[in-house]
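The following questions and answers examine one protein model step by step. Please keep the sequence and the structure in view while reading.

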Amino acid sequence: MRFIDEAVVTVKAGDGGNGIASFRREKYVPRGGPDGGDGGKGGDIYVIAEDNTNTLVDYRYTRRHDAMRAENGHSRNCSGKGSDDLFLPVPIGTTVVDTETDEVLGDLIELGQTLLIAKGGDGGLGNTHSKSSTNQAPRKSTSGFEGELKVLKFELKVVADVGLIGLPNAGKSTFIRQVSAARPKVADYPFTTLVPNLGVVDIGRHRSFVMADIPGLIEGASEGAGLGIRFLKHVARTRRLLHVVDVKPIDGSDPVANARVILNELERFSPELSNLPQILILNKIDQVPDEELDELCTHIVTELDWTGDVFRTSTLMGEGTDAVKYHLMNEIELERERELEDPIFAEAQRTRFERLEVEVRLNTEAQREAYRAARKAAREGVDLSDDDADFDDDDEDGVEVIYVP
């Protein structure tokens, strides 16, 4: 199944039923008076977060969703039947944006959470409502109101506590395979990972967190090179970033320069995102002789002027990965506890993530518009400098994101 993390849909709530003008007609009851009933209420449209879907692929092919119109009123003061509400299932982590106003209508981050996205129209009034002492036989009724019509954008961001970032082939997929039951594709060539992969990292009983493996960045990703920053938005919800660096790249490149590429691309794409707490993972230490390892690792940390946590791992051999996951679990638990105990800190965290969401959305859309403008210029014969951009709406290969226990 394709992994689709964005979809634009049109939703139309149900129209209200019309009220009717009717008069009581019963034997031996002359001049029975008005008895026209009201129209029913049109169906509302909701989105609901479910855990049995992990992609928005259904909304890529079915782009219009209408709720049913309500029934008209009936005689004998009987109201028309209201239409049923329509519920659209979306993956956990979906944000709903009104494309006309660019307003964020809601963010569904919990299982079963619902959000009203289009309100159904109220029913019209029957002629019973118009009777009075001076108008005992009114023939006036009103039509039902139309339901709301909206064009909305669904944006899926994976819900993870930790995001893995790094150049292609740095060992991110192997890392998540070691610490969880996720089984992303692993191979000895770059861009093996084409879509985000999620894994649940278990730390003993009742202790776990979710880790996301994000497709690798390359230099120029913020301008669209390689896979661009198309999937970088999926780390916007994370609490920690694991920056995986290959200490002995097979192509002979400098690991310090490679690490700076990622740091620069994060900063250029989103300064707020680059300020998330990061942990440096010096990976593939099994490729370096023991007598050279300490010197090489010290050199990398010194050149990067790294002041945060640093771990050495060999994801292929499973060396050092346990220390990383226990450290992450402790850090995440401490942060969660502080959010519960300190309302000021919790509010600051919420504000920061909201600010990050806005920044990531705007920057992603800006890159998409730049890519479309460049494609248009290319079709018109104008020189295209960033032809490697990869934001084609029809280019979504890969598999769906799956939470694996």
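Q: At about what angle to β11 does α6 run?
A: The model discussed here is predicted. In this model, helix α6 lies across β9, β10, β11, β12, β13 and β14. Its direction relative to β11 is about 115°.

Q: Which helix lies across β9, β10, β11 and β12, running at about 160° to β11?
A: The strand β12 covers residues 240-246. The helix that lies across β12 as well as β9, β10 and β11 spans residues 172-179. This helix is α2.

Q: Which strands stand at the edges of the open sheet of 6 strands?
A: The order of the strands in this sheet is β10-β11-β9-β12-β13-β14, and the pairing is mixed. A strand at an edge has a single partner strand, so one side of it is left without a neighbour in the sheet. The strands in this position are β10 (197-202) and β14 (310-312).

Q: What is the average twist from one strand to the next in this sheet?
A: The sheet in question is the open one with the order β10-β11-β9-β12-β13-β14. From one strand to the next, its twist averages 25°.

Q: Which residue of β11 stands opposite Leu-164?
A: Strand β9 covers residues 162-165 and pairs with β11 in the parallel sense over 3 bridges. Within this pairing, the residue of β11 opposite Leu-164 is Asp-213.

Q: In which sense, parallel or antiparallel, do β5 and β6 pair?
A: Strand β5 consists of residues 94-98, and strand β6 of residues 104-108. Val-97 stands opposite Val-104 in β6. Over 4 bridges, the pairing of the two strands is antiparallel.

Q: Which residue in the hairpin of β5 and β6 takes a positive phi near 60°?
A: The hairpin has 5 residues between its strands. The residue that takes the positive phi is Asp-102.

Q: Which element supplies the largest share of the lining of the second largest pocket?
A: The second largest pocket has a volume of about 700 Å³. At least two lining residues each come from β6, β11 (208-213), α6 (321-341) and α7 (343-379). The largest share, 8 residues, comes from α7.

Q: How many residues of the lining of the second largest pocket are charged?
A: The pocket is lined by 23 residues, and Asp-107, Ile-109, Arg-237, Phe-353 and Glu-357 lie nearest its centre. The lining includes 9 nonpolar and 3 polar residues. The number of charged residues is 11.

Q: Does Asn-258 count as buried or exposed?
A: Asn-258 is found in helix α3, which covers residues 255-269. Leaving out residues up to four places away in sequence, Asn-258 touches Leu-167, Pro-249 and Ser-253. Its relative accessibility is 17%. Because a residue under 20% is classed as buried, Asn-258 counts as buried.

Q: What separation do the C-alpha atoms of Leu-304 and Ala-257 have?
A: Leu-304 is found in helix α5 (residues 290-304) and counts as buried at 12% relative accessibility. Apart from neighbours within four places in sequence, Leu-304 is in contact with Val-256, Ala-259, Arg-260 and Leu-280. Leu-304 and Ala-257 are 47 residues apart along the chain, and their C-alpha atoms are separated by 9.0 Å.

Q: What percentage of the residues in the protein chain is buried?
A: The chain has 7 helices and 14 strands. Of its 405 residues, the buried share is 49%.

Methods: Residues are numbered from 1 along each chain as its sequence is written. This is a predicted model: local features need pLDDT of at least 70, side-chain atom pairs count only at pLDDT 80 or more; totals for chains, interfaces and linings use all residues. Side-chain values use heavy atoms; hydrogens and water are left out. Two strands pair if DSSP finds at least two bridges between them. On a 1 Å grid over the protein atoms alone, a cavity is a set of points where a 1.4 Å probe fits but cannot get out, and a pocket is an open set with protein on both sides within 12 Å along at least five of seven lines; lining residues have an atom within 4 Å of a point. Grid points are joined across faces, edges and corners, and a volume is the space filled by probe spheres set on the points. Ala, Val, Leu, Ile, Met, Phe, Trp, Tyr, Cys and Pro count as nonpolar, Asp, Glu, Lys and Arg as charged, and the others, Gly among them, as polar. Axes are lines fitted to C-alpha atoms, for helices over the stretch in contact, and angles run from 0 to 180 degrees between N-to-C directions. Contact means heavy atoms within 4.5 Å. Buried means under 20% relative accessible area, exposed over 50%, partly exposed in between (1.4 Å probe, protein chains only).
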